[in-house]
Amino acid sequence: MATQDIHSNATTSTTTTPVGAGGADVTRKSAGSTTVTGGTGASEPAATRGKTSIADVVVVKIAGMAAREIPGVYDMGGGLSRTLGAVRDRVPGGRPNVGRGVKVEVGERQTAIDLDIVVEYGVPITDVAHDVRENVIAAVERITGLEVVEVNVAVNDVRLPGDESADPAGDTRVE
């Protein structure tokens, strides 16, 4: 069957195969992608009516939270990103940016994630990266249902003991 794509005026060839008694169809486009869509109408079960899309920012936040849960991860993001984040965190009413250091690509069924992290001194970096990958993949797949095809972890810095940043509310040189 040939159909007209209303967004691009391109004609694609599709094959529709019924899947079970739920009424959902699997549409295989000639490019090889597969989309699961629900049926329409009052005779279809409510859970199968319509389509679900997940925004990039949703995956960014989930991945950021999951990465920060791992012991040994001190912070996330590059140097400039962390500096701007520290300034932003000091602004009254500002919220911390859980997506700092996270980049994602989200498709209809899959996602790829890139993380920039800072680790604590003394922790095995490969173990931390492994644990971050496992936790991020588990969280994103469980919450979104997307397949995570890869999680790339870049360690940008190591937090050394005694590398405490100056506390803005602490001692100052002038009164």
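Reader: Before we start, what does contact mean here?
Author: Contact means heavy atoms within 4.5 Å. Keep in mind that this is a predicted model.

Reader: Fine. Which residues is Thr-111 in contact with, leaving aside neighbours within four places in sequence?
Author: Val-59, Val-104, Glu-105, Val-106, Val-140, Leu-146, Glu-147, Val-148, Val-149 and Glu-150.

Reader: Is Thr-111 buried or exposed, and why?
Author: Thr-111 counts as buried because its relative accessibility is 1%, and the cut-off for buried is under 20%.

Reader: What does its side chain reach?
Author: The side chain of Thr-111 reaches the backbone oxygen of Glu-105, at 2.8 Å.

Reader: Which strand is Thr-111 in?
Author: Thr-111 sits in strand S7, which spans residues 110-120.

Reader: How many bridges join S7 to S8?
Author: Eleven. S8 covers residues 147-159.

Reader: Do those two run parallel or antiparallel?
Author: Parallel. The chain gets from S7 to S8 through helix H3, residues 125-144. That β-α-β crossover is right-handed.

Reader: Give me one pair. What is the bridge partner of Ala-112 in S8?
Author: Glu-150 is the partner of Ala-112. Glu-150 is also among the contacts of Thr-111.

Reader: And where do side chains point in a regular strand?
Author: They alternate between the two faces of the sheet.

Reader: Switching topic. Where does Gly-64 lie?
Author: In helix H1, residues 56-68.

Reader: Buried or exposed? And why?
Author: Gly-64 is buried, because its relative accessible area is 0%.

Reader: Which residues is it in contact with, again leaving aside neighbours within four places?
Author: For Gly-64 they are Met-76, Val-98 and Val-102.

Reader: What separates Gly-64 from Asp-116?
Author: Their C-alpha atoms are separated by 10.0 Å. Along the chain, Gly-64 and Asp-116 are 52 residues apart.

Reader: Zoom out. How many helices and strands does the protein chain have?
Author: Three helices and eight strands. From the N terminus on, the elements run β-β-β-β-α-β-α-β-β-α-β.

Reader: What share of the residues is buried?
Author: Buried residues make up 27% of the 175 residues in the protein chain.

Reader: What about contacts between residues at least 6 apart in sequence?
Author: Of those in the protein chain, 56% join residues at least 24 apart.

Methods: Residues numbered from 1 in each chain as written. Predicted model: local features only at pLDDT ≥ 70, side-chain atom pairs only at ≥ 80, totals over all residues. Heavy atoms only, no water. Pairing = 2+ DSSP bridges. Helix = DSSP H or I, 4+ residues; strand = E, 2+ residues; numbered from the N terminus. Right-handed = clockwise from strand over helix to strand, strands pointing away. Buried < 20%, exposed > 50% of the residue type's maximum accessible area, 1.4 Å probe, protein only. Polar contact = N/O pair within 3.5 Å; in protein donor to acceptor, adjacent residues only side chain to side chain.
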